[in-house]
Amino acid sequence: MGKLVICDHPLIQHKLTFIRDKETNTKDFRELVDEVSTLMAFEITRDMPLDTITVHTPVAETEAKVLSGRMLGIIPVLRAGLGMVDGILKLIPAAKVGHIGLFRDPETLQPVEYYINLPTDAPDRLLIVVDPMLATGGSANAAIAALKNRDCTQVKLMCLIAAPEGVAAVQAAHPDVDIYVAALDEKLNDHGYIVPGLGDAGDRMFGTK
């Protein structure tokens, strides 16, 4: 079973409070999501492998650590996931970025893929799917399945806020995928919104209704 990691660093929790606040304006909301994404990137890259090399400091020769060259990809789920990309790229500027677009079929209520564009070497990369909300898990499951259907087997999921129902759904469908969240909330309401949540992340990020 993939692990669930709640990133409870005090800075993340502080900023998440203002992301939740309905009085936070679009500009500040966008900046806060960017900042929290940067902080969460520390946690999601914690287990990246290292190699040892020899360097010469101004004083002496020494052995030091560098990333072993594992290639990363960031895959935002359109559209709200876009707001998390730049924050991660600040720490991992060499990562490539792909995109997955999904919409909910009005009759079946199931996510339908309408767009996907991945790096050509995506199957060789560790891919981080980013989406601010993990509610029912439908979109996350569809995005992960779209990657696996294209031979991408190294996948992690990164969200700001999750509902227990969404976590359970992803773990059931993709038990090999680790999930990273800033908060695990109480539940979903009758309309599929996370409670207490933060509302519609896409609308708040882009100023739409």
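Predicted model: local features only at pLDDT ≥ 70, side-chain atom pairs only at ≥ 80, totals over all residues.
**Entry 1: Glu35 and Lys15**

I started with Glu35, which makes a salt bridge to Lys15 with the closest N and O atoms 2.8 Å apart. Glu35 sits in helix α2 and Lys15 in helix α1, so this pair ties together parts that are 20 residues apart in sequence.

I then checked how open each partner is. Glu35 comes out partly exposed, at a relative accessible area of 31%. Lys15 has 19%, and it counts as buried because the cut-off is under 20%.

**Entry 2: Other salt bridges**

How many salt bridges does the structure hold? I get 12.

Next I looked up Asp47 and Lys156, whose side chains meet in a salt bridge at 3.1 Å, N to O. Asp47 is in the loop between α2 and β2 (50–56), while Lys156 is in strand β10, so the pair ties together parts 109 residues apart in sequence. Asp47 is partly exposed at 41% relative accessibility, whereas Lys156 is buried at 5%.

Then came Arg79 and Asp203, with a salt bridge at 2.7 Å, N to O. Here too distant parts of the chain are linked: Arg79 is in the loop between β4 and α3, Asp203 is in helix α6, and they are 124 residues apart. Is Asp203 buried or exposed? Asp203 is buried, with a relative accessible area of 19%. Arg79 is partly exposed at 35%.

I also found Lys27, Asp28 and Glu31 joined into one network by salt bridges that share partners.

On to the inside. In soluble globular proteins, nonpolar side chains tend to be buried together. The largest nonpolar core here has 38 residues, and the ones touching the most other members are Ile19, Met40, Val130, Met158, Leu160 and Ile161. Elements giving two or more residues to this core include α1 (10–20), α2 (26–44), β8 (126–130) and β10 (155–162). Which element gives the largest share? That is α2, with 7 residues.

Leaving out residues up to four places away in sequence, Met158 touches Ser37, Met40, Ala41, Ile44, Met84, Ile88, Ile128, Val129, Val130, Asp131 and Tyr180. There is also a second, separate core of 24 residues, with Ala122, Leu127, Ala140 and Val177 among them.

I followed up on two of them. Ile194 is in strand β13 (residues 194–195) and counts as buried at 8% relative accessibility. Not counting residues up to four places away in sequence, Ile194 touches Met133, Leu134, Ala135, Ile161, Ala162, Ala163, Asp185, Lys187 and Leu188. I had already noted Ile161 among the core residues that touch the most other members.

Ala201 is in helix α6, the helix that also holds Asp203 from the Arg79 pair. Ala201 is buried, with a relative accessible area of 4%. Which residues is Ala201 in contact with, leaving aside neighbours within four places in sequence? I get Phe29, Ala80, Pro132 and Met133. Met133 is on the contact list for Ile194 as well.

Notes:
Residues numbered from 1 in each chain as written. Heavy atoms only, no water. Core = buried A, V, L, I, M, F, W, Y, C linked by side-chain atoms within 4.5 Å. Buried < 20%, exposed > 50% of the residue type's maximum accessible area, 1.4 Å probe, protein only. Helix = DSSP H or I, 4+ residues; strand = E, 2+ residues; numbered from the N terminus. Contact = heavy atoms within 4.5 Å. Salt bridge = Lys/Arg side-chain N within 4 Å of Asp/Glu carboxyl O.
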